Amino acid sequence: MTVAETQPKRVHSVLFVCAMNAVRSPMAEAIARHYFGKSIYVQSAGVRKGEPNAFMVAALDEIGIDGSKHRPRTLHELEEWEGLNFDLIISLSPEAHHAALELTRTVAAEVEYWPTPDPTLVQGTREQVLDAYRNVRDGLSYRIRLRLRQGSEPQRPNEAEGS
């Protein structure tokens, strides 16, 4: 196997999926758009439809990303509105991963599972809850920048040869 074969393929479009498209997947969508929105088409959806989440918006706002316009939507709604033509589907919860794998019966997409904690389950003070959202945001930001940077820039020929 050559170095070129071990590199992820160039990603042109990515779909983030979680349970309700209220916290994890919209956070991932907003972060990916912030860093890669000019070169990669990004969307998010949920298996079910949740409600907008103020903590998600606040956590993104802290790093200069506006998540306030997000409205939760389901995979079914996204499919009806524009179809599900994505190179990469990243699932962030067990329920979403199951749904993403089901999609591959009819959609030719690579699926990756990034188990991501649900910060809505954290209880405590406002600051403790917001810390849980920050942890999810920072973890997603790191993984998104690492994964999409690798898979979005075409390699130069000498890089593939390991020079």
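How many bridges join strand β1 to β3, and do the two run parallel or antiparallel? I looked this up in a predicted model. Four bridges join β1, residues 13-18, to β3, and the two strands run parallel.

**Entry: overall layout.** I listed the elements next. The protein has seven helices and four strands. From the N terminus on, I read their order as α-β-α-β-α-α-β-α-β-α-α.

Entry: I wanted one residue pair here. Val 17 has Ser 91 in β3 as its bridge partner.

**Entry: the β4 side of β3.** I then turned to β4, residues 110-113. Four bridges join β3 to β4, and this pair runs parallel. Ile 89 stands opposite Val 111 in β4. I followed the chain from β3 to β4 and found that it crosses through helix α5, residues 94-103. This β-α-β crossover is right-handed.

**Entry: burial of β3.** Are the faces of strand β3 covered or open? I checked residues 88-91 and found both faces covered. Leu 88 and Ile 90 lie on one side, and Ile 89 and Ser 91 lie on the other. All four are buried. In a regular strand, side chains alternate between the two faces of the sheet.

**Entry: whole-chain totals.** I noted that 46% of the 163 residues count as buried.

Definitions and conventions:
Residues numbered from 1 in each chain as written. Predicted model: local features only at pLDDT ≥ 70, side-chain atom pairs only at ≥ 80, totals over all residues. Heavy atoms only, no water. Buried < 20%, exposed > 50% of the residue type's maximum accessible area, 1.4 Å probe, protein only. Pairing = 2+ DSSP bridges. Right-handed = clockwise from strand over helix to strand, strands pointing away.
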